[in-house]
Amino acid sequence: MESEVNGILVAAHELKAPLGLLRQLAFSLDYAKDKEDLQHIQSQMIDVSDRALRQVQDLTKIARLDDGLFEMEPVAVRAVCDDVVMELRHLFRFNHRNLEIDYCNRSRLVVANRDLLYSVIYNFCLNAMHYSDEETKSELKLSDKNGKVRLDVRDFGPALPMDVWRSLKNGWVKKPTSIAMRPGSSGLGLYIASKFSQYMNANVGAVRHRDGTSFFIELNPSKQASLF
Amino acid sequence: MIYVIDDDVIMAECITRVIAQRFPAEECEIFTNGIQAIQEINGEVKLIFLDILLDGPDGFAFLNELMSYNDTAKIPVVIVTSLKIKQDLSGYGVVKVLDKSTMKPEEIVSIAEKYLCKKPLHSDSIAGEAEK
């Protein structure tokens with residue numbers, strides 16, 4: 001019960017930021033210098049609300065995980081990555097950051113739910129963008145490791161604190177926890193990724209680097225294609 | 001020159017947009033972290049809008065740095081944050097704390113008016129100038 005209340009508080013806190021931002025953007029409409037600036041503000045409002053809506057959708061998905069409503073199926077992991085990159089490329093460009101992709105996995109299909117996998121990759125990439133320095137790149141890499149398909153999202157930002165790294169090493173994150181060295185983070189994205197991964201029988205984890213962090217998910221490859 | 005230090009560029013742009021419209025002669029510069037801002041700051045900066053939760057060193061670390069230099073110690077600072085700050089930060093040059101979720105553009109204008117010692121342009125006069 002306590003962790004549930006804590007989760008609600010974290011979710012409320014996480015949603016406060018985009019709502020506050022939308023409020024300021026609405027005020028900004030009166031201060032736009034020309035039509036181009038007005039369009040710029042409007043596109044920012046759409047971006048901010050899209051991100052907030054996605055977070056709400058993810059939270060509602062968590063509530064529905066127990067009902068087993070998300071079907072597991074063979075999913076083309078590269079296509080999902082491509083879709084995420086396509087959706088986020090404007091946001092990365094707007095924030096003067098770059099997202100590079102590197103696909104070197106042989107198994108193209110993984111056992112997953114497309115919606116949940118999309119959310120995990122999206123959260124990792126958004127996190128990488130947020131915590132990377134300006135004019136730096138983030139990397140999305142697909143590879144094969146120990147019979148699994150591994151997706152890494154690397155950022156060049158502050159290192160992940162030991163306690164969060166340890167809790168990830170010991171399994172899935174059980175409740176949202178603020179990440180002290182990553183200000184503004186409630187750990188909600190990591191919690192959502194953990195929940196979705198658990199549902200898909202996948203592992204999530206993190207690797208600490210001297211100049212940033214990689215978050216990864218290891219998925220089971222689908223053997224369906226090998227039947228042909 | 002006015003500095004706006006916020007890791008959220010959209011929020012920083014909202015502040016600079018208000019200032020640019022009401023005080024067109026003032027130059028605004030956005031920084032997404034305190035390190036870069038403290039490297040470039042000098043005594044010509046008249047006002048700083050500062051977020052607390054920044055990437056890297058936080059706003060309090062920035063305030064400490066600011067206070068430690070002779071030429072920057074007296075620059076007025078406006079904290080713009082969603083944190084509830086109860087302690088008195090006037091000793092750090094903080095002249096006002098604005099809540100990100102409830103602040104209004106008029107508050108930014110009135111602070112800027114006070115510390116830049118300039119009268120803001122009003123919306124009507126701006127519209128009039130645009131028509132000319």
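Student: What should I know about numbering and about the model before I start?

Tutor: Residues are numbered from 1 along each chain as its sequence is written, while chains are lettered from A and ligands numbered from 1 in the order in which they are written. Since this is a predicted model, local features need pLDDT of at least 70 and side-chain atom pairs count only at pLDDT 80 or more, whereas totals for chains, interfaces and linings use all residues.

Student: In what order do the strands of the chain B sheet lie, and in what sense do they pair?

Tutor: Strands of a sheet pair through backbone hydrogen bonds, either parallel or antiparallel. Strands here are DSSP runs of E with at least two residues, helices are runs of H or I with at least four, and both are numbered from the N terminus; two strands pair if DSSP finds at least two bridges between them. In chain B, 5 strands make an open sheet in the order β2-β1-β3-β4-β5, with parallel pairing. At the edges stand β2 (28-31) and β5 (94-99) of chain B, each with a single partner strand, so one side of each is left without a neighbour in the sheet. From one strand to the next, the twist averages 15°.

Student: Which helix packs on that sheet?

Tutor: Two residues are in contact if their C-beta atoms, placed from the backbone, lie within 7 Å. For directions, axes are lines fitted to C-alpha atoms, for helices over the stretch in contact, and angles run from 0 to 180 degrees between N-to-C directions. Helix α1 (residues 9-22) of chain B packs on the sheet and touches β1, β2, β3 (47-50) and β4 (77-81) of chain B, its direction making about 175° with that of β2(B).

Student: How do α4 and α6 of chain A cross?

Tutor: Angles under 35 degrees count as roughly parallel, over 145 as roughly antiparallel, 65 to 115 as roughly perpendicular and the rest as oblique. The axes of α4 (residues 114-131) and α6 (residues 188-199) of chain A come within 9 Å and cross at roughly 150°, and the two helices are therefore roughly antiparallel to each other. Their crossing is left-handed, a term used if the near helix is turned anticlockwise from the far one by less than a right angle, with right-handed used if clockwise. Among the residues that meet are Phe124(A) in α4(A) and Phe196(A) in α6(A).

Student: What is the angle between α1 and α4 of chain B?

Tutor: α1(B) and α4(B) pack at about 55°, with their axes 10 Å apart, and that makes α1(B) oblique to α4(B). The crossing of these two helices is right-handed. Ile15(B), Val18(B), Ile19(B) and Arg22(B) in α1(B) meet Pro105(B), Ile108(B), Val109(B) and Ala112(B) in α4(B).

Student: How many residues does each chain bring to the contact between A and B?

Tutor: Chain A brings 20 residues and chain B brings 19 residues. On the side of chain A that touches chain B, α1 (2-28) and α2 (35-65) of chain A each supply at least two residues, and the largest share, 9 residues, comes from α1(A).
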